[in-house]
Structure formats: C-alpha cells, structure tokens
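Please keep the sequence and the structure in view while reading.

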Amino acid sequence: MFTWIQRYFQKHFGIIIVVILAAMAVPLIVVFTPSAGGIGRGGRFAQKRVVFGYNLASAEDQSRLIGDASLSIMLQMGYVGVNDEQLQQYALQRAAALHLAEQLNLPASTETEIADHIKALPIFRAEDGRFSAKHYAEFRQSLQGGSRLSEAEVSRVIADDIRADKVRNLLAGPGYVLDSDIVDQLQRVDTTWTLQLAHIDYASYAPQIEPTNDELTRFFADNTFRYQTPPRVVASYAHFPASRYQSQVSTSEDELRAVFDSMPSRFAKPKPAAANDGDTQAAALEPAGPGDFALVRSQIEALVLSEKARQLATRAASDLTLALYDAALSNDPSARQSLLATHQVEEKTLAPFTENRGPAELGNLGNVTAEAFRLNAEHFYSDAIPVQDGAVVLFWKELLPTYTPLLSEVLPQVRADYIEEQKREKFVALGRHVKAQIEARLKAGDDFAAASARAASSAGVAIETSTVPTFSLGKPPQEGSFTAFNLLENLEQGQVSDMTLSNARGTFVYAAKREVPDLSAANPRFDEIRQQLSTLTSGVGVVRTLTDLVEQELRRTEPAAN
C-alpha cells in the first residue's frame with residue numbers, strides 16, 4: 001500500500017489533466033499532422049506508425065502521449081508553461097527515455113521512490129523549499145470533483161517520471177568542463193559594476209522635418225506594402241441569441257456545486273474589508289475559496305444557465321445549416337429568406353474584414369474569422385459557430401482582393417510615417433554626437449553627470465542622469481533600473497556605450513567602476529561554477545541524445561511516400 005500522501009494524491013488529482021488540456025486547448029490529432037507542422041501524416045486512411053510504443057496515427061495514443069507529458073510538466077513546474085511545439089518535443093523525449101528504460105530492464109519505481117518524488121515536487125514546496133503538507137492539502141482540496149483519470153493512471157505517470165529521470169541520469173555522464181570555460185563564466189557573472197545612466201526623451205525630441213512631394217512619392221513607392229489592404233471577406237450572418245433560449249434552461253444545486261468544486265478560484269467574492277478601504281470595485285474582489293459556495297452561488301448559476309442557453313442557440317443554428325443543406329439553395333439572399341423566417345432569424349450584413357482582424361460586429365472572434373475565410377462560392381454558408389451571446393451562421397458573398405491605394409488616398413499617413421522615420425534617423429545621429437561630446441568632457445575632467453549635461457546642452461536636448469547601485473550579473477539590480485545587460489560584454493571601466501533606443505528614450509551607459517573577481521582556482525566560487533557548468537553540460541548532452549533518438553525513430557517509422 002502507498003503512504004497517505006500517495007493515496008490522497010491518487011484520489012484527488014485526477015481532474016488536473018482535464019484542467020490542463022482545457023486550458024491548453026490543444027487539438028491532439030492536429031499536433032501530429034503535416035498542416036500543423038507536426039510529425040505524422042494526415043489523411044483519412046493514415047498508416048499505422050508506432051513510435052516508442054505509441055501509434056501516432058491513433059487519436060487515443062496521441063491523447064495518452066500528450067496527456068502524460070502535460071501532467072508530468074504540471075507536477076514539476078506547477079503549470080504547463082510550454083507551447084505546443086515544446087510540449088510535443090518533451091512528450092517524445094519522455095517516451096524515448098521510457099523506451100530506453102525498458103531496453104535497460106530498469107526496475108519499476110518503488111513505493112518509497114514515489115513517496116519521495118511527490119514530496120520533492122516544486123508544486124508542493126513551501127517558501128523554505130521543503131515539502132508543505134498544508135500546500136498539498138490546499139491543492140488537493142482545490143481539485144476535488146469528478147475525474148477522467150483513474151488512480152492507477154496518475155500513479156503510472158509519477159512512476160514513469162521516476163524511471164525517465166533514472167535514464168537521464170545514466171545518459172548525463174560526468175559533464176566535462178574546461179578551466180577556461182569556468183574562468184569565462186566566473187568573470188561574466190561575478191564581475192561587479194557601478195553604472196551611471198543618461199537618458200534623452202525621444203517623445204520630446206522634435207526636429208524640423210518638412211518633406212517635399214518628391215520625397216513622399218519615393219517613400220510611398222518604397223513602402224507601398226505598408227498601406228495595402230489585405231484580402232477581405234464580404235459576408236452576412238444569422239444570429240441566434242442565447243437570451244431567446246434562457247427560459248428553456250434550468251439547473252440544480254448538485255450541478256452548481258459540481259461546477260464550483262471543479263475550480264472555486266474562477267469565481268470572485270468580495271474582500272472582507274472592501275467596503276471600508278476605498279477599493280475600486282475590481283480591487284475589492286478576490287478569488288473564492290473552497291468554502292465560499294454560498295457567496296458566489298449567483299455567479300455560478302448565471303454561468304451555468306448562460307452556457308446551457310448558448311448550447312441551445314448553437315443547436316438551433318445547426319438546425320438551420322441542416323435545412324440549408326437539405327434545401328440545396330443557391331447563394332442568393334432572396335432564395336433563403338423564407339427559410340430564415342421559418343427559423344425566426346434575419347440576415348444581417350457585416351462590414352468587410354481581413355484575416356488578421358475579424359468582424360467587429362461579432363467581437364473580432366478568431367473562430368468566426370477562420371470559418372469565414374474557409375467559405376467560397378460553392379460552400380457559401382458556415383456551420384453553427386458559438387459566440388459569446390449565442391451562435392451564428394455566416395453567409396459568404398465575395399472575397400475582395402488585396403487593394404493598393406493611391407498616394408493621394410493615404411497621403412496623411414504616408415507623411416506621418418516619413419516624418420517618424422526621419423525623426424528616428426536623426427535621433428540616432430544625435431546619439432552619436434552626444435556620445436562623442438560626453439567622452440570629450442570626461443577626458444577634460446568632468447564627471448559623468450556634468451559631461452552629459454554639457455553635451456545635451458550643446459545638442460539642444462534635455463538629459464536625465466541616474467546611478468545604478470553596484471551589482472553583478474549573478475545578482476542583478478532588484479528594482480530593474482538597468483536591463484541592457486548585453487551592453488556590458490564589451491564595456492570597460494571608464495567607457496560610454498552607444499545610445500540604445502528603448503522605452504521611448506535613448507540611453508547611454510557609463511561604466512563608472514568594474515571589478516573583476518579572483519579568477520584562480522583558489523576562489524571558492526571556482527568549484528561552484530564548475531559544478532553548475534558540469535550539470536548544464538551533462539543536461540545538454542541528455543537532450544541531444546534523446547533528440548537524436550527521437551529523430552531516428554521518426555525517420556525509421558516515416559510512412560513511404562505514395
């Protein structure tokens with residue numbers, strides 16, 4: 001039998017995979033199709049393709065592969081902080097590691113190993129870095145409710161992670177590091193800097209720029225693509241509002257409670273002192289806890305009823321599309337008026353919209369836009385599309401081609417863009433001039449603040465200086481007063497950097513003081529850096545080995561081209 005923590009974990013953690021997959025919204029089959037940049041082959045009659053024991057042509061195996069990897073990441077990071085491509089790579093590398101574990105006949109994970117692994121998971125650590133039973137209990141309580149996973153499946157993912165880690169440790173090796181690499185890293189992270197900054201406000205810089213007609217004509221000819229209007233869909237729609245079906249739906253206390261228990265924190269309750277502390281309405285709210293059902297019941301009821309009404313609206317919209325299919329009508333608004341009237345909806349016009357910005361009338365929704373750009377003269381109506389306040393059916397009219405305007409049509413915008421581009425070029429040239437003036441004044445004996453002030457005065461701009469407290473790259477400034485750390489790679493003490501343009505201002509960095517640490521093996525940090533680089537090097541080696549293994553397996557199982 002497992003320890004108490006394992007039993008609780010298995011009993012209450014099943015729902016987490018549902019939360020993960022819902023939040024990610026990853027269509028698993030698409031992950032492995034060529035159109036999505038995946039690794040399998042699409043098509044109705046996909047060949048069987050077994051990779052490390054998973055058939056990538058099977059939706060069930062894909063779901064298990066991605067679901068296990070998602071849960072594994074969630075346990076180790078506390079959230080699924082990766083994109084689709086990274087998730088796919090991790091899933092396949094994890095499968096490769098488990099495949100090696102089988103080939104090496106590594107024993108199954110023991111109960112003690114599983115218990116120790118759970119206690120070491122970052123998601124359950126307190127601020128002191130140790131396992132917190134309180135954090136675990138709170139997390140477990142927040143995940144109470146129905147589960148699509150069995151206890152055996154959750155245990156399997158944990159046990160497999162332990163075996164995969166054993167394989168990675170075997171592949172890691174000693175992680176050899178050269179002394180010269182240690183010296184470079186030690187100098188990079190432990191060198192201390194005292195910096196002074198000088199800022200010129202870009203917004204207040206206003207050079208006189210009066211473009212001629214010839215200059216604007218040339219600029220427009222060189223940048224015509226910036227003013228083109230991309231292809232636009234002209235369409236109309238029939239709207240099925242959810243409010244029409246509100247009276248047809250109902251709920252129960254058990255249903256409301258189940259929705260609340262699945263994730264209480266998605267609902268907001270008033271803060272206890274909100275009425276007295278002058279908070280705004282938004283700031284006066286906080287996420288609900290497991291015991292706050294009564295406080296947020298009305299929110300839950302409104303959410304459930306709204307979603308049920310929207311489902312009925314979507315069903316009614318689907319009935320319309322089926323009727324359109326059965327009627328085999330032509331793409332003529334007058335031909336479908338009778339049918340629309342039967343379904344108690346009207347056809348409404350949408351303003352032409354592009355693929356990058358959908359119809360404003362429907363909230364610029366991506367799913368609406370994507371569906372609209374799939375329509376054409378032959379397939380002129382869409383499936384039912386859920387929207388926030390119900391559902392819609394789109395009707396295609398035409399696709400307007402890319403439109404290139406005349407200069408006279410966009411002259412004000414062209415003029416503004418030309419002036420902005422010229423201003424930026426002049427500002428960069430101003431930066432070179434001011435830097436030269438600062439360097440000259442520093443050589444003459446001025447401190448950085450005085451040198452900057454005199455250089456700015458001669459250039460006719462205002463400048464603001466500040467000092468960054470001494471820091472190293474290993475311990476950067478906490479207040480975030482300096483972020484251009486890449487400038488320090490080639491900056492010696494007493495030097496001034498080129499002006500960098502960011503955050504609407506130009507910035508010069510002056511290295512007032514630079515102290516290099518002891519770079520010999522006598523420095524206690526020398527062995528510490530060696531260990532860090534060794535771990536990094538061995539880790540990179542593991543990833544490369546598993547990546548090569550995955551690529552070889554994918555090539556080996558690639559279906560033959562027809």
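## Overall composition

How many helices and strands does the secondary structure of the protein come to? The model, which is predicted, has 17 helices and 13 strands. Of its 562 residues, 39% count as buried.

The protein exposes about 31400 Å², and carbon and sulfur atoms supply 51% of that area. Among contacts with a separation of 6 or more, 71% are accounted for by residues 24 or more positions apart.

## The largest nonpolar core

The largest nonpolar core holds 34 residues. Those that touch the most other members are Ala 238, Phe 240, Leu 320, Leu 350, Leu 362, Leu 394 and Phe 395. At least two residues of this core come from each of the following elements: strands E4 (232–241), E9 (385–387) and E10 (390–400), and helices H12 (293–327), H13 (337–342) and H14 (366–372). Helix H12 provides the largest share, with seven residues.

Phe 395 illustrates the surroundings of one such member. Leaving aside neighbours within four places in sequence, Phe 395 contacts Val 234, Ala 235, Ser 236, Tyr 237 and Ala 238, among others.

Leu 98 is placed in helix H5 (residues 84–103). With a relative accessible area of 12%, Leu 98 falls under the 20% limit and is therefore buried. Apart from neighbours within four places in sequence, Leu 98 is in contact with Asp 160, Arg 163 and Ala 164. The C-alpha atoms of Leu 98 and Arg 168 are separated by 9.9 Å, although these residues are 70 residues apart along the chain.

Gln 93 also has its place in helix H5. Is Gln 93 buried or exposed? Gln 93 is buried, because its relative accessible area is 17%. Beyond neighbours within four places in sequence, its contacts are Val 543, Leu 546, Thr 547 and Val 550.

## Packing of H9 and H17

Two packed helices are described by the angle between their axes and the distance between the axes. Helix H9 (residues 179–190) and helix H17 (residues 524–557) pack at an angle of about 105°, and their axes are 9 Å apart. Angles of 65 to 115 degrees count as roughly perpendicular, so H9 and H17 are roughly perpendicular to each other.

From H9, the residues Asp 179, Asp 181, Ile 182, Val 183, Gln 185, Leu 186, Val 189 and Asp 190 take part in the contact. They meet Arg 525, Phe 526, Ile 529, Arg 530 and Leu 533 of H17. By class, this contact has seven nonpolar, one polar and five charged residues.

## Two asparagines with positive phi

Which residue in the loop between H5 and helix H6 (111–120) is described here? Asn 105 lies in that loop. Its phi is positive, about 55°, although Asn 105 is not a glycine. Asn 105 is exposed, as its relative accessible area of 65% shows.

Asn 364 is likewise a residue other than glycine with a positive phi, near 55°. Asn 364 is located in the loop between strand E8 (353–354) and H14. With a relative accessible area of 31%, Asn 364 is partly exposed.

Definitions and conventions:
Residues are numbered from 1 along each chain as its sequence is written. This is a predicted model: local features need pLDDT of at least 70, side-chain atom pairs count only at pLDDT 80 or more; totals for chains, interfaces and linings use all residues. Side-chain values use heavy atoms; hydrogens and water are left out. Axes are lines fitted to C-alpha atoms, for helices over the stretch in contact, and angles run from 0 to 180 degrees between N-to-C directions. Helices (H or I, at least four residues) and strands (E, at least two) are DSSP runs, numbered from the N terminus. Angles under 35 degrees count as roughly parallel, over 145 as roughly antiparallel, 65 to 115 as roughly perpendicular and the rest as oblique. Contact means heavy atoms within 4.5 Å. Ala, Val, Leu, Ile, Met, Phe, Trp, Tyr, Cys and Pro count as nonpolar, Asp, Glu, Lys and Arg as charged, and the others, Gly among them, as polar. Buried means under 20% relative accessible area, exposed over 50%, partly exposed in between (1.4 Å probe, protein chains only). A nonpolar core is a set of buried Ala, Val, Leu, Ile, Met, Phe, Trp, Tyr and Cys residues joined through side-chain atoms within 4.5 Å. Accessible areas come from the Shrake-Rupley method with a 1.4 Å probe; for residues, only the protein chains shown count as cover.
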